[in-house]
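Subject: Structure handover

Hello,

Please find the structure below. My notes on it follow.

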Amino acid sequence: MRPEEGVLTSRGRAIGAILNLLTDELLIVCNGFPSREAYTLRDRPENFYMIGSMGVAPSIALGVALARPDRTVVVFDGDGNVLMGMGTLATIGAFKPKNLVHIVFDNEVYGSTGNQPTLSRTVRLDQIAKAAGYRRVERVLELDDLVYEAQTMLTQEGPSFLLMKVSELTDDVGRVEIDPPAMTERFRRAAMRGVSS
Amino acid sequence: MAIPAKQFVDRLQEIGFDFFTGVPDSTLGGIIATLIERRAYVPAVREDEAVGMAAGAFMGGKVPVVLMQNSGLGTSLNALISLNLIYRQPCLLLISWRGHDGKDAPEHLVMGQVNRSLLDLVRIPHRTVGDKTFEGDLQWAGDAFMKQRIPVALLITKGVVV
């Protein structure tokens with residue numbers, strides 16, 4: 001049992017709540033179940049789903065954010081992913097892109113490979129993000145708080161880091177059915193909207 | 001005759017490359033100094049992070065370059081094959097060829113021997129920059145980048161660009 005454990009929200013519900021807030025924001029989703037859940041819950045052209053390269057989602061988001069400073073870029077990440085690409089917290093914290101919102105669904109396990117524990121049960125990823133230099137950092141346990149903080153972060157200067165503790169429950173979802181090159185083109189068009197070529 | 005770094009960067013920018021990230025190496029020192037001077041360089045902490053950033057920048061409309069020592073090819077291999085090659089996200093890899101001709105510190109010798117075979121194995125087209133052929137080499141990289149939409153690599157040996 002976790003010390004704070006009551007009844008934690010599932011990641012699927014948390015992802016659904018954030019997806020409902022989005023309008024034209026560009027979204028990068030890390031590999032594994034988060035991509036599959038986001039694809040099933042609310043697919044949109046502004047969503048880019050990763051199927052591999054674990055740990056790299058925030059660096060892709062940073063690249064998009066630097067290339068399109070006029071657009072808000074959101075990244076859905078997991079605790080295992082953040083731990084694998086932890087150096088990118090430093091790069092984001094140092095560069096401080098105002099238009100980047102990093103949302104971590106922390107279930108404390110590697111959910112796609114059989115729920116082996118990660119280190120996030122004892123290592124405070126939000127405190128690492130704060131020390132790295134993110135402008136806004138929040139850690140939440142309740143869905144209402146997640147929605148409130150996300151609404152704030154989507155409209156105010158970042159970089160922001162929002163960590164929500166979620167349960168290990170995984171929604172019954174299929175794989176992402178979009179061919180990867182087609183996804184690149186779809187996302188690129190969505191990112192380039194409004195730019196004359 | 002060595003190629004002055006400023007001339008090398010001029011040519012890259014003329015071709016259209018406009019987003020530069022990477023992890024430094026001494027062989028690439030002149031190029032990186034020029035890019036920093038022009039406020040055109042985003043330093044990364046790891047090569048796979050640089051490859052990810054380049055992929056994002058490409059989708060945001062940029063034409064990206066990733067600079068790295070050949071050891072970084074090992075670090076970024078998974079991102080290159082499970083992101084760039086699968087999603088068709090091009091970038092130019094400017095890779096310093098440490099351990100070329102077996103003359104370098106011990107940690108560079110194995111990668112120096114195998115870096116070209118490794119690129120062949122994962123089907124990343126590559127050339128080695130020559131001091132007399134560099135304009136053509138850069139043009140080749142730009143053309144291959146746009147046509148194939150996958151990473152292409154230029155290997156740079158010590159002393160060729162200063």
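Helix α3 (residues 57-67) of chain A lies across β1 (26-29), β3 (73-78) and β4 of chain A, and runs at about 175° to β3(A). Axes here are lines fitted to C-alpha atoms, for helices over the stretch in contact, and angles run from 0 to 180 degrees between N-to-C directions. Helices (H or I, at least four residues) and strands (E, at least two) are DSSP runs, numbered from the N terminus. Residues are in contact if their C-beta atoms, placed from the backbone, lie within 7 Å.

This is a predicted model, in which local features need pLDDT of at least 70 and side-chain atom pairs pLDDT 80 or more, while totals for chains, interfaces and linings use all residues. Residues are numbered from 1 along each chain as its sequence is written, with chains lettered from A and ligands numbered from 1 in the order in which they are written.

In chain A, 6 strands form an open sheet with parallel pairing, in the order β2-β1-β3-β4-β8-β7. Two strands pair if DSSP finds at least two bridges between them. The edges are β2 (47-49) and β7 (136-140) of chain A, each pairing on one side only. Within chain A, β4 (residues 100-106) and β8 (residues 160-165) pair in the parallel sense over 6 bridges. A:Asp106 stands opposite A:Lys165 in β8(A).

In chain B, the axes of helix α1 (residues 5-15) and helix α6 (residues 134-148) come within 10 Å and cross at roughly 30°. Residues making this contact include B:Phe8 of α1(B) and B:Leu138 of α6(B).

Regards

Methods: Contact = placed C-beta atoms within 7 Å.
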